[in-house]
Amino acid sequence: MRVLLIGANGYLGRFVADRLLADPAVQLTALGRGDDADVRFDLATGSPGALTRFLDAVHPGVVINCAGATRGGARELTRHNTVAVATVCEALRRSGCGARLVQIGCGAEYGPSQPGSSTAEDAVPRPGGPYGVSKLAATELVLGSGLDAVVLRVFSPAGPGTPAGSPLGRLAEAMRRAMQAGDGELKLGGLGVQRDFIDVRDVARAVHAASLSAAQGVINIGSGRAVRLRDAAAVLARVAGFGGALHELDGPPSALRPAVGHPRGESEHGMHSPPAAYPYPDGCGSWQQADVRTARDRLGWRPRINLEESLADIWMEAACRI
């Protein structure tokens, strides 16, 4: 099976590439903006015609799109998350390869949900920020393209390679700094939010399964269990051997308080910076939990890696950071 992987150098893409390379039946070609991609191509600026010519030359059976942006202004997010997907869809429509498309979406497309509820694929999406809006627009483009396509809505990925700027990455970095400085306490804000964390290696397994399946439409990929960020912090402290006290700075999400990752209210350069309003700027409010029954029924997929193992891998990388 010839697979074209777009965004192989990204956080999710690296693990998807590893998973596919472990399958002897897969012939993988990586397309991206980096020098180490097999083919250099920028979806945000490249034309559908140029991508069509490449598709006709390689003739993949499956195209997996892991590319995109998680940070930036509305214009940048739209370019990398929406316009780029429009380019992929149009190129596939023009191409004679007939490839199946596996698009990586995100839980932020749903927006806030009722505490205690599990969000299923038939929920009406109401994204609460520009990132979720840009990803939802991409999903709608894929679903309306007429292609053989599936969108995997990934909730909160965790595990090795977790970006240092993500909530769990900032949490690990704050703990590392506290231990390095010999601090006996760590003050953190905004730990009341609850998210559905799913290990990035389990995400890669889901992508692999979706590539081989005939499933179409939207499929949630998550653990099916919401975890409070303060509970994740406690697990991380145990994994790290942090014997100090964890003090949570209470207050509503709109209250100003120090961000996770800067417990002393300082920036990375030692200058005082205004505290962040909310350490989870994904527009999903205080609660998010996936209903993952569709993934089980249509992909034969279940999460295997628990959050403690994911956090242990995050901590191992943070502890090695100089």
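Cysteine 97 is buried, its relative accessible area being 11%, whereas cysteine 320, with a relative accessible area of 60%, is exposed; here buried denotes under 20% relative accessible area, exposed over 50%, and partly exposed the range in between, computed with a 1.4 Å probe on protein chains only. A disulfide is taken to be a pair of cysteine sulfur atoms within 2.5 Å, and by this rule the count is 0 disulfides. The model is predicted, so that local features need pLDDT of at least 70 and side-chain atom pairs count only at pLDDT 80 or more, while totals for chains, interfaces and linings use all residues. Residues are numbered from 1 along each chain as its sequence is written, and side-chain values use heavy atoms, with hydrogens and water left out.

The ring centres of tyrosine 110 and phenylalanine 155 are 6.0 Å apart and the ring planes stand at 35 degrees, so the pair is classed as tilted. Under the criterion applied, rings of Phe, Tyr and Trp (for Trp, its six-membered ring) pair if their centres lie within 6.5 Å, with planes under 30 degrees apart counted as stacked, over 60 as edge-to-face and the rest as tilted. Tyrosine 110 belongs to the loop between strand 5 (100-106) and helix 4 (130-143), and phenylalanine 155 to the loop between strand 6 (149-154) and strand 7 (156-158), so the pair ties together parts that are 45 residues apart in sequence. Helices (H or I, at least four residues) and strands (E, at least two) are DSSP runs, numbered from the N terminus. Both partners are buried, tyrosine 110 with a relative accessible area of 3% and phenylalanine 155 at 6% relative accessibility. The ring of tyrosine 110 also has arginine 153 over its face, at 4.6 Å from the ring centre; a charge is assigned to such a position if NZ of Lys or CZ of Arg is within 6 Å of the ring centre and within 35 degrees of the ring normal.

The axes of helix 1 (residues 11-21) and helix 6 (residues 200-212) come within 8 Å and cross at roughly 60 degrees, which makes helix 1 oblique to helix 6. Axes are lines fitted to C-alpha atoms, for helices over the stretch in contact, and angles run from 0 to 180 degrees between N-to-C directions; angles under 35 degrees count as roughly parallel, over 145 as roughly antiparallel, 65 to 115 as roughly perpendicular and the rest as oblique. The crossing of helix 1 and helix 6 is right-handed, a crossing being right-handed if the near helix is turned clockwise from the far one by less than a right angle, and left-handed if anticlockwise. Helix 7 (residues 229-240) packs with helix 9 (residues 307-319) at an angle of about 60 degrees, the axes being 9 Å apart, and helix 7 is accordingly oblique to helix 9. The crossing of helix 7 and helix 9 is right-handed.

Glutamate 185, in strand 8 (residues 185-189), has 38% relative accessibility and counts as partly exposed, and its C-alpha atom is 9.3 Å from that of phenylalanine 242, at a sequence separation of 57 residues. Glycine 68 occupies the loop between strand 4 and helix 3 (74-94) and is partly exposed at 46% relative accessibility; glycine 68 and threonine 82, 14 residues apart in sequence, are 8.6 Å apart from C-alpha to C-alpha. Histidine 59, in the loop between helix 2 (48-58) and strand 4 (62-65), is partly exposed at 41% relative accessibility and has a positive phi of about 55 degrees although it is not a glycine.
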